[in-house]
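Here is a friendly note to read alongside the model.

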Amino acid sequence: MAESCNSRHFSCLMKSCFPNPHDSQIVAPTSTTANLLSRSIKNTKNSNTRNKTTISSLPDDLLLEILSRVPLSSLPSLSLVSRRWSHLLDSSAFLHLRRHHQLLHPTLFALSLSDYGLHASTLRLNLDPSWKTSLLLPKDAVLSDADLHGLFSYARLVAIGRKSYILGRNATAEYDSWTGSVRFKSAMLFPRKKFAAAVVEGKIYVAGGAARTYAVEEYDPVRDEWRVVCDAPRRRYGCVGVGIHGLFFVIGGLKIGASVGITRATVPTEAQMYANSMDVYDLEGRCWLKSRSVPGGGCAVAACGAYGHVYVLASHAVELSFWRYNARRKADVSGGGTGNSNGSGEWWRMKSPPLPTQMRLDSTVRFGCVAVEDKVVLVQVSGCIDDLLRRSGRSVRGCREGLVLIFDCATEEWSRGADLPEVIQRAACVCVEC
């Protein structure tokens with residue numbers, strides 16, 4: 001090949017590729033030819049632009065697969081791109097894909113109102129041992145003083161998936177942990193304070209805390225509607241609520257008003273203790289079930305549902321006790337313990353939380369009880385245990401404010417978590433998926 005293609009032959013080949021400048025038959029391109037050529041190039045570019053695929057032109061299933069892999073920190077901006085993207089992020093398919101990709105984690109969420117505004121703090125027990133705190137809403141930026149008072153006065157906090165609902169006396173707000181948005185929703189039909197609230201099968205149920213009604217209300221977050229579903233057997237104040245296995249538990253508190261057949265002459269005060277009693281409402285049967293009170297005669301101060309059971313923290317005259325109640329129906333019971341169809345269940349006393357002995361909680365020290373997967377988390381949401389012990393003549397130190405204790409339902413052992421940040425005072429706690 002090298003012998004047949006020398007430099008002379010290569011020069012002749014190259015010259016044959018170029019036109020002869022002295023040839024009179026060659027006509028220079030006219031303006032019309034140039035215009036046609038320009039139009040052809042432009043049409044080609046437009047055709048390529050039209051055929052180019054953008055992310056917005058993708059079908060919903062493929063777009064969901066892409067968006068479900070986005071980090072949590074980018075979700076707030078994604079919801080602002082378009083209405084279509086916002087609807088996709090709200091869909092159950094998006095939630096399922098996030099779980100499938102292991103990007104959803106049960107997170108302990110604490111909400112608190114200070115002089116600066118609404119603060120939120122989050123703790124992922126299995127991933128990060130420290131709290132992450134942020135300012136959700138400055139006090140004077142969005143909400144008026146009237147709105148703040150109506151929303152956070154004796155409020156309860158519940159969660160459905162990624163959204164938390166603040167149930168105030170005269171207002172309700174929804175906080176989205178993915179987008180960081182806060183929206184006002186329909187208020188309860190009856191003003192309440194220190195009432196029981198819980199989520200059962202995707203809906204919110206509240207009972208107690210109202211002086212003039214026995215009504216139990218149900219809230220549908222999809223329709224943003226409240227309705228009365230039944231009347232409670234007892235009118236309670238200062239009670240706690242738990243939802244599990246299609247049952248709504250209303251535990252503890254006081255009863256205002258004398259019982260039937262009891263007069264003022266026999267009862268010096270109208271306030272009667274129902275501190276260790278429990279009412280159970282069956283959503284499927286639309287009826288109230290018989291149940292056993294918390295043993296030991298203590299006062300139920302906090303409760304939650306975890307691992308198929310109801311866990312209750314009770315305060316006695318000189319100690320604290322921790323109890324587990326079998327909430328499974330008879331057909332669902334497996335393993336230890338017994339249960340029956342009328343909801344009576346069985347109680348077991350568990351290991352008490354690692355707190356100073358001979359301590360009784362008063363109105364200044366309060367605990368919140370939150371279920372996080374197979375763990376029960378006790379959070380000291382207000383008060384100082386050191387001050388409580390000092391008032392009783394003891395000088396024990398080391399249990400100030402924001403104490404976090406974790407009970408493992410599988411091993412039945414306690415451990416201590418990171419204390420609440422100092423900025424989080426008088427907090428309400430719940431578990432969200434984010």
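1. A word on terms before the details. Buried means under 20% relative accessible area, exposed over 50%, and partly exposed in between, with a 1.4 Å probe and protein chains only. By that rule Phe322 and Trp414 are both buried. Please keep in mind that this is a predicted model, where local features need pLDDT of at least 70, side-chain atom pairs count only at pLDDT 80 or more, and totals for chains, interfaces and linings use all residues. Residues are numbered from 1 along each chain as its sequence is written, and side-chain values use heavy atoms, with hydrogens and water left out.

2. Aromatic pairs. Rings of Phe, Tyr and Trp (its six-membered ring) pair if their centres lie within 6.5 Å; planes under 30 degrees apart count as stacked, over 60 as edge-to-face and the rest as tilted. The count comes to 13 aromatic pairs. One of them joins Phe94 and Trp178, which is edge-to-face because the ring centres are 5.4 Å apart and the planes stand at 70°. Phe94 lies in helix 6 (residues 92–100) and Trp178 in the loop between strand 6 (172–176) and strand 7 (182–185), so the pair ties together parts 84 residues apart in sequence. Helices (H or I, at least four residues) and strands (E, at least two) are DSSP runs, numbered from the N terminus. Phe94 counts as buried at 0% relative accessibility, and Trp178 does so at 3%.

3. The pair Phe322 and Trp414. These two rings are also edge-to-face, at 5.1 Å centre to centre with 65° between the planes. Phe322 belongs to strand 21 (residues 320–326) and Trp414 to strand 26 (residues 413–416), so this pair links distant parts of the chain, 92 residues apart. Together with Tyr311 and Phe407, they form one aromatic cluster.

4. A buried arginine. Arg324 is found in strand 21 and is buried, with a relative accessible area of 15%. Which residues is Arg324 in contact with, leaving aside its neighbours within four places in sequence? The list is His309, Val310, Tyr311, Glu346, Trp347, Trp348, Met350 and Glu412, where contact means heavy atoms within 4.5 Å.

5. A charge over a ring. A charge sits over a ring if NZ of Lys or CZ of Arg is within 6 Å of the ring centre and within 35 degrees of the ring normal. The charged end of Arg156 sits over the ring of Phe195, 5.6 Å from its centre. Arg98 lies over the face of Trp178, at 6.0 Å from the ring centre.

6. The two sides of helix 5. In helix 5 (residues 83–90), Trp85, Leu88 and Leu89 are buried. Seen down the helix axis, the buried residues of helix 5 fall within an arc of 100°, so they line one face of the helix; the arc is that of the directions from the helix axis to the C-beta atoms. Arg83 and His87 are exposed on the other side of helix 5. Among the elements that cover the buried residues of helix 5 are helix 3 (60–67), helix 4 (75–78) and helix 6.

7. Four strands with antiparallel pairing make an open sheet in the order 3-2-1-27; two strands pair if DSSP finds at least two bridges between them. Strand 3 (128–138) and strand 27 (428–433) stand at the edges with a single partner strand each, so one side of each has no neighbour in the sheet. Strand 2 (residues 117–124) and strand 3 run antiparallel and are joined by seven bridges. His119 has Leu135 in strand 3 as its bridge partner.
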